[in-house]
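Subject: Structure handover

Dear colleague,

Here is the structure I said I would pass on. My notes on it follow.

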Amino acid sequence: MIVQDPIQVIVWDCLNNYEYDNAIFLAERLHAEVSSEETAFLLGTCYYRAGRVNEAHHLLQSLSLTLPQSRFLLAKCSVEIKSYRQAEIVLGSNLDIIASEFGEQAPYALQLLAKIYNTTERRNKAADAYRKALSLNPFMWKSFSQLCNMGEKVDPHQVFNNNNSDFSFGVSTLVNLVSNSENISFVNSNIPINTSLNTNVTPNNITSKTPMTMSTSITPETQAPVKRMHSVFGGMTPIPFSPSFGMLPMDESPVLYTPTLTDANEQKAIPKIVNSLRAQMGQLKDAVFSPAPRCTLGPAPRRSSRLFSNNNSSYSVKENNKSPSRKFVAPKSPSRKNKQRTAKNIKTNSVETNEKAKSIETVTPTITPKNSTGVALLNLMKELGEAYKALSFLDCKNAIKLFQELPAKQLASPWVQTMIARAHYELAQYEAAAKIFAEIRKQHPNRTEGMDIYSTCLWHLQREAQLSALAQELVELDRNDSIAWLAAGNCFSLHKERETALKFFKRAVQINSDAAYAHALLGHEYAVAEETDKALASFRTAVSIDPRNYVAWFGIATVYARQERWKASEVHIRRALAIHPHSGVLRCQLGLAQAALGKMDRALATLERAVALDTENPLCRFHRASVLLRAGRPQDALEDLHHLKDIAPRESLVYYLLGKVYNKLGNSHLALMHFSWATDLDPKGTGGHIKEGFDPSKQEDPPERAT
């Protein structure tokens, strides 16, 4: 027969050291011997961490689960295999019940439920679940970012407020440990003297009553405090702190020391240590996570240190049924003959007690007072939240300003730099964005976050060599990353190899079907290839995944413009503008739709606003000049075209439009000269960087690529 507790410790030790194959082997042995929900959870955890999600799902779904940890793991597996209905049933739908049933795991369970709601297009419920998760744990940054991405107006100062929560998560385990004196105990005097730190784990000492020990590499200096007791706070303990084992004393689990003759005297100091720790519990209840938090999956582990040792557990340990009096027996009063010796022992014990208290204080780095690390982290999250919220609502100039006001170390981090580069991209400042992305790529060559945006910036800048190198590096880095194939698709799109570009965009969508940006780029390439039905299907898929993907709404509008369905085009471009009101390119497309519908005054007003929003974008001025010409105001169009001639001297369409303007003004000589220059610059008539002419329905490339 296998003793359950030691095997669980060994399995968690393997998991904490990323030895998943060994953990699976041992967990399978344990589950075969003791088939229960807690051993199934342990085995399922091993499967899940090793990437064998289907096996974990099959194992857990065959059981009648009662423990919250098991239910949460089953829900995680169900979401990953896209069985959303089952995951929702496992978690439940009442947010308050979830918060009470899952304990410290409740914020994560609510965040998972919100993901299910969002995927199944129940976004109001998703927002409620995200807000509930944040109310339970203000450090849930993902919940905050998802709310911002959904367009929900969230106040970072209210969310990341250190006064609206008692921050008991992650600390209740420690509080429960010290609040119950039986949770801190020293080794039983019945342990054989020959038990050593280097004893090997064998089937004999697993099945016997003799406590098993584990070999460690503890130095003599660090061995002393471990010698006396299991570490409640971590720090010097040789066994890694696992999600289920808080380094508690275990009568039938690994013993980390050899008993000495002073153990009996140390028993006398236990009540003083416990009382000293209890006096600090009021401060611990207001504590928050340190940068390296140590928390358990569920209710606080008890002295038996079983995987799930709570009121609902069907397992019990004999040691738990012993009364504390058996552990803490008051010493008999000494005889007169031994009074002098006892006085000396008392003085020695008091010194050891003080040393013990100091050693306990030195191994508590993971609990920080509420007014230090936790508040500092919350204040930082407020600043990051303000900046990220501004970026999510595409207030990009303000977002850049807020990100640049962060502390120097945070500002230099790759995530913050990626957000700044993304803000420049949304402002159509592709040169600035590409420069930041190139620096990120130089310092963090294995980082792929934001590289899809980087590849699009290089597409706009027509930098074929850099885009080709980026695509090749990303594909070599990870062929299973959709971002790598998006970069490759952009590379071949720039080279006008449409079929190859479509193949790579399809590959990106196949790898990550939930990537709205991948679907938008695929639809964009379909539109260039004049496969309008497939383009519309891809754009609509992107919108269903992310209703705030303005590029997809813009793509639908341009497809309708090609089909001369101007009313539908105007409706969809307004949807895009509602998301990104600061985009000059979007307003250009709206102005073109209004001009096609005969609303010349409104079209010109829209284009004036577009030029004001983006004075450096030649596309806005070009569209305004074309509409002015169509409105019978060629002299006004001439000013914009001369400005374009200065900033884009090799654009054939600028010279072509200038020829049209001069012809309208009756200056045939200048008109023929500009037509000749346009032909010299583009003898095949394919156009340059500005692809649009007078009639947007004859565009070769859709203008959403300029967004």
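Lys599 is partly exposed at 23% relative accessibility (buried is under 20% relative accessible area, exposed over 50%, partly exposed in between; 1.4 Å probe, protein chains only). Its side chain meets that of Glu570 in a salt bridge, 3.6 Å from N to O; the term means a side-chain nitrogen of Lys or Arg within 4 Å of a carboxyl oxygen of Asp or Glu. The two are 29 residues apart, Glu570 in helix α31 (residues 566–579) and Lys599 in the loop between α32 (584–596) and α33. Helices are DSSP runs (H or I, at least four residues), numbered from the N terminus. Glu570 is buried at 4%, and a network of salt bridges links Glu570, Arg574 and Lys599.

This is a predicted model: local features need pLDDT of at least 70 and side-chain atom pairs pLDDT 80 or more, while totals for chains, interfaces and linings use all residues. Residues are numbered from 1 along each chain as its sequence is written, and side-chain values use heavy atoms, with hydrogens and water left out.

The structure holds 16 salt bridges. Another of them joins Arg624 and Glu608 at 2.8 Å, N to O. Arg624 lies in helix α34 (residues 618–630) and Glu608 in helix α33, so this pair ties together parts 16 residues apart in sequence. Arg624 is buried at 10%, whereas Glu608 is partly exposed at 44%.

Val611 is also in helix α33 (residues 600–613) and is buried at 6%. Beyond its neighbours within four places in sequence, Val611 contacts Cys620, Arg621 and Arg624 (heavy atoms within 4.5 Å).

Regards
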